[in-house]
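Hello,

Here is the structure I promised to pass on. Please have a look at it first, and then read my notes below.

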Amino acid sequence: MEFFRDTSIDFMKYRKYFVIVSGVMLSASILAVFVTGELNLGVDFAGGTQLTVKFHEPQEINDLRAMTADAGIEDAQIQQFGDAGDNEALIRTSTVPGQDEGSQQLVMDALNRNFNASPPSGFDINQQGSDALSSLLFDKDPDQVRAQDEEVARNHYDEMAKSISDVRRREGLLESWDEVSSLPLVSAEALAAMKQNTHLGEFAVLGVESVGPQIGSELRRKGIFAIVASLVGMLAYIWFRFELRFGIGALVALTHDVLIVLGLFVIAGFEFNLTTIAGFLTLVGYSVNDSVVVFDRVRENLRRSRREPLVDVMNKSLNQTLSRTVLTSSTTLMVVGSLLFLGGDVLRGFAFILTVGVFVGTYSSIYVASPFALFWENLVTRRAGRAS
Amino acid sequence: MSRTLVWRGALIVFVLAVALLSAYPLEENLNLGLDLQGGIHLVLQVEVEDAVRSESTKDMDRLLQELRDAGLGTVSASLASSTEFEVVGVPRARDSEVTRIVTEYLPGWNWQRSGDSIEFRMEIANSAEIRNLAVVQALETIRNRIDEFGVAEPLIQRQGMEGDRIVVQLPGVDDPERVKKLIKNTAFLEFRLVAYPLGGGGVGSREQIMANYGGSLPAGVEILTGNIEDDKGVILGEQFYAVEDRPVITGRDLRTARPGLGEFNQPVVNFYLTHEGGKLFAEATGNNVGKGLAVVLDGKVATAPNIRSRISDSGIIEGNFTRQEVEDLSTVLRSGALPAGITYLEERTVGPALGQDSIDRGLKAGAIGLALVIVTMLIVYKGSGINAIVALSLNIVLLFGVLAYLGATLTLPGIAGIILTIGMAVDANVLVFERIREELRHGRTVKSAVDAGFGKALSSVMDANITTLIAALFLFQFGTGPIRGFAVTLSIGILASLFSAIFVSRWIFDLILSRRRRVERLSI
């Protein structure tokens, strides 16, 4: 099945109009970034603490906000995490000045106060590791194995604690004693001992990201530097492999892509963190990739027919590569699309950048890179013409 | 079949075999990042200035002691900064003696007289050495503590431009709070004689102590506090102790410490002193029977039992400890005190539940993406589509094989990188196939079309992939952990796709073409 056999679309004919379209999109993007005011910086760049918490019962975001406000944390950002039935939330606080771990402890205390208000015991299985549980069981010795051999007893309770801990590792939270009693290694006596001396807390912390302000600003600097450096790197490579006019065209297309995707990214409200910055860097690579294939064809066609005006050569090249452009864009779109819809919250921002990037990148390879190379060429020849 | 075909085929099989051997079974050979298998990543800053300051204080005190011993009773000193101090009250008459004392006891210092006082500044080499040693010692101490945990493949390394940061990565740990406490615990242990109250224990308020001394503390005595906890670990209140400000022995005098059981089977720490420490301890306890001995941990009194008789080289530390607290305390005492304070700069903890969730989602997205790409290639390129799919499969196997062989870490962005590679790997094939189609349309024979296709498309393929590689390079430079994982998988994926599209696909075409004399049509 061939889509575009011997097409001869005059792409360059309406290029001026498309440049205007691009200009409008660019302005809208830049405006969006400024109008939104503060960029949504993740803890990676702004510093602060982010806890991923799983609850036994579904929680209202507003209730959680009230809880943190009560604890003296004024600007906590709370959002749902994962799928609806998971009962997971992201709680984010900024760094408490003067205390490096201050905010994490404050949030934990607030959570404990609210959810484990009057604990039946001092030991929360959902917050302690298997070593601690094993030690506790060893102390109580419900299976009465210590009398024979301490070493064997230790192992016995270690194995038991590990099997319980494995369930917690998979599920995140132990929600009822049934999950424990159904384990083969747990005896009825051990279960009774646990019920008496421990309890199942109402929440568990699935993950923590805590970045001090120092590191936050370092990562910010590094991130900006990386993007700028890679832009320069790309320009250098294209200049080296092709000519300056193509280099300019590719660079303009690249900047255009990054800025437009950035605008949409900001409008969609995604967070800037290490993963999404990596997404932008990948976009840089992909966008150039596209432009390069077109320019490679132009270079080949130019070699063949030196007399032909650049406009026509470009049109021909664009038509020749159209099939490939559409196909590769489609396959890339398929994979990043599945990442976007199925890949989960952590990768969503990254997938968004690339998905939008494929569309914008394909558009720019045709309607920004080539017209600008053309524009540069005309500028140079006009200057040369005036000089002679 | 021509010879090159055989050799090339053999090479492909060989590469495939090596990749499979490296990668299979996948669970064992693939290094999963912390964000996939769960674990802790910590970046600590060693407060090296503290170490410098404490050395300065020690040197200053030592100098004062020596000067006073030499009969210069009027001297006093004060610290101006962590590397400077001033000594006043030094008579010019005793200049030569002072010079001798200073040169002997303070070799790492520069000093300058001005009138009655001398200003001391630490030599740069000296302070640099102290800073360096502080980090080295901290590294060692932390390593010892973590060894006790029995974590598989921990990573503990020095980092940062100033060399004063330590990065700790512990995969598979499920109690991050405990690890953090363990690492951060400065574990500064001191045994101090209690001046008031007598007979052990403490009193309920600061006022009581002041009342006993008539309103002002005598020299050499300071007030410390300790917490009163119930058995759930909740702090109920404080107790106050008037203790001597110079310790009898400190953590340095410990030979080792082990968890044990006390009289009533409660968890305690058994400690054993060094020979020197034992002597000092025996003397102090022998002379002070009936007084309290405060066990001070990090400036807080853990317990203050009554000295019932002379204790020589071992003893117990008991308090309201759980078994785990006793184990951790023993570990910390054994590993030695941290030379300086530690601040946490960065912490990333991923529980295994989150990690597993990420893996599941990543795999699902990858599988669907792959399926879509395969279907597309078959529809668009028919028979040659199979060629592309074979190359793609080889690509994926090769990717995993190289990852496993290099011991590279697969992170969540890394999975995204693999998925992206799948989408972009077909690009190389597409470039070649489109070229071949074009050449066929222009009337070339099948064989020459294939040749021309590969030949002419090569530069496009190289350029396109190299630009993505450049992006991956910058990502590697800029990124940490997970991002680096992405850069690595992307790079390996690109190189593997170059190999499979250029070498393997070509071979498959050549294989098909060699079958018959003349091939009329190519399914493409």
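Let me start at one residue pair: Val211(A) stands opposite Glu346(B) in strand β18(B). Please keep in mind that this is a predicted model, in which local features need pLDDT of at least 70, side-chain atom pairs count only at pLDDT 80 or more, and totals for chains, interfaces and linings use all residues. Residues are numbered from 1 along each chain as its sequence is written, while chains are lettered from A and ligands numbered from 1 in the order in which they are written.

Strand β4 of chain A (residues 203-211) and β18(B) are antiparallel and joined by five bridges. Strands here are DSSP runs of E with at least two residues, helices are runs of H or I with at least four, and both are numbered from the N terminus. Two strands pair if DSSP finds at least two bridges between them.

This pairing belongs to an open sheet of eight strands, with antiparallel pairing and the order β2(A)-β3(A)-β1(A)-β4(A)-β18(B)-β2(B)-β8(B)-β7(B). Its edge strands, each pairing on one side only, are β2 of chain A and β7 (155-159) of chain B. From one strand to the next, the twist averages 20 degrees. Angles run from 0 to 180 degrees between N-to-C directions, and axes are lines fitted to C-alpha atoms, for helices over the stretch in contact.

At the chain A end of the order, β2(A) (residues 77-81) is joined to β3(A) (residues 88-93) by five bridges, and the two run antiparallel. Phe81(A) stands opposite Glu88(A) there. The two strands form a hairpin with six residues between them, and Gly82(A) in the turn has a positive phi of about 75 degrees.

On the chain B part, helix α6(B) (residues 124-149) lies across β2 (39-46), β7, β8 (165-171) and β18 of chain B, and runs at about 170 degrees to β7(B).

**The contact between the chains**

How many residues does each chain bring to the contact? Chain B gives 66 residues and chain A gives 67, where two residues are in contact if their C-beta atoms, placed from the backbone, lie within 7 Å. In chain B, at least two residues each come from α10 (323-335), β18 (342-350), α11 (352-406), α12 (412-441), α13 (446-478) and α14 (481-515). The largest share of this side, 17 residues, comes from α11(B). By class, the side of chain B that touches chain A has 33 nonpolar, 18 polar and 15 charged residues. Nonpolar covers Ala, Val, Leu, Ile, Met, Phe, Trp, Tyr, Cys and Pro, charged covers Asp, Glu, Lys and Arg, and the others, Gly among them, count as polar.

**A helix pair in chain A**

Helices α5 (residues 130-140) and α6 (residues 150-171) of chain A have axes that come within 8 Å and cross at roughly 135 degrees. That makes α5(A) oblique to α6(A); angles under 35 degrees count as roughly parallel, over 145 as roughly antiparallel, 65 to 115 as roughly perpendicular and the rest as oblique. Among the residues that meet are Leu133(A), Leu137(A) and Phe138(A) in α5(A), and Tyr157(A), Ala161(A) and Ile164(A) in α6(A). This contact has eight nonpolar, three polar and three charged residues.

**A three-strand sheet in chain B**

Chain B also has an open sheet of three strands, antiparallel in pairing, with the order β13-β14-β17. The edge strands are β13 (254-261) and β17 (314-317) of chain B, each pairing on one side only. Neighbouring strands of this sheet are turned by 25 degrees against each other on average, direction ignored. Seven bridges join β13(B) to its antiparallel partner β14(B) (residues 267-273), and Gly260(B) has Val268(B) in β14(B) as its bridge partner. Helix α10(B) packs on the sheet, touching β13 and β14 of chain B, and its direction makes about 170 degrees with that of β13(B).

**Domains**

Chain A is divided into domain 1 (11-43 + 212-383), domain 2 (48-115) and domain 3 (124-200); such bounds come from an automatic or database domain assignment. The C-alpha centres of domains 1 and 2 of chain A lie 38 Å apart.

Best wishes
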